[in-house]
Amino acid sequence: MIHGCLDAVGSRLGLAPLYVRLAGLRGSVAFMALDPDELKTYEAKHPAVKQGGWQNLGLARLALEAPRYSPVDSLPALKAAGTRVLFLSAVRDSLCPHEVVMQAAGQLGAEVLAYDVDHFSLYVSPVFQQSVSRMLVFMCEATGHTCSLGTVKEQPAP
């Protein structure tokens, strides 16, 4: 948080920005403090050669705004609109705990696809292909379209 304060004040004084790692090991200064396996999976989902100067960094001042962000705040509006919702949940997720996803799904009567993986393993093979296939089927059903994706293989929920 101190890094965020320093960066926010510095930006008003015209100083160079301060950056913090987006993802780092637990105990380090990072927006997402991860276990070694989680960090390895996070890094694996990024291309070996980064384009456009991308770095694993974010403006430190974002740390002042991040605590106010909560996707759960949108649940009442979704419920009021009668929106059909599909949640994907990583059972071993340390960033967005499975229990929180299940509570949110319960509030909405939403469908849940649960995978016995960590947060970032949802974005790598084979879970990524499985979840995308299921999301496409969900979208087709929710919008009344015919879905011709063939057989969808799903990982059983835990």
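Glu-111 counts as partly exposed, because its relative accessibility is 27%, where buried means under 20% relative accessible area, exposed over 50%, and partly exposed in between, computed with a 1.4 Å probe on protein chains only. This is a predicted model, in which local features need pLDDT of at least 70 and side-chain atom pairs count only at pLDDT 80 or more, while totals for chains, interfaces and linings use all residues. Residues are numbered from 1 along each chain as its sequence is written, and side-chain values use heavy atoms, with hydrogens and water left out.

Glu-111 forms a salt bridge with Arg-134, and the closest N and O atoms of the two are 3.0 Å apart; the term stands for a side-chain nitrogen of Lys or Arg within 4 Å of a carboxyl oxygen of Asp or Glu. Because Glu-111 lies in strand 5 (residues 111–115) and Arg-134 in helix 5, the pair ties together parts that are 23 residues apart in sequence. Helices (H or I, at least four residues) and strands (E, at least two) are DSSP runs, numbered from the N terminus. Arg-134, at 10% relative accessibility, counts as buried.

A further salt bridge joins the side chains of Arg-84 and Glu-141, at 3.4 Å from N to O. Arg-84 lies in the loop between helix 3 (75–81) and strand 4 (86–90), whereas Glu-141 belongs to helix 5 (residues 127–143), so this pair ties together parts that are 57 residues apart in sequence. Both partners are partly exposed, Arg-84 with a relative accessible area of 39% and Glu-141 with one of 44%. Through salt bridges that share partners, Arg-84, Glu-111, Arg-134 and Glu-141 are joined into one network. In total, the rule counts seven salt bridges.

Another of these pairs is Glu-38 with Arg-26, whose closest N and O atoms are 3.9 Å apart. Since Glu-38 lies in helix 2 and Arg-26 in the loop between strand 1 (19–25) and strand 2, the pair ties together parts that are twelve residues apart in sequence. Glu-38 is buried, with a relative accessible area of 6%, whereas Arg-26 is partly exposed at 45%.

Nine residues from domain 1 and nine residues from domain 2 take part in the contact, which means heavy atoms within 4.5 Å.

The size of an interface is often given as the accessible area lost when the parts come together. Between domain 1 and domain 2 the buried area is about 700 Å², of which carbon and sulfur atoms give 70%; buried area is the accessible area (1.4 Å probe) that two parts lose on being put together, summed over both. In domain 1, Glu-38, Thr-41 and Lys-45 lose the most area to domain 2, together 61% of what that side buries.

Across this interface of domain 1 and domain 2 the rule finds zero salt bridges. On the side of domain 1 that touches domain 2, strand 2 (30–34) and helix 2 (36–44) each supply at least two residues, and the largest share, four residues, comes from helix 2.
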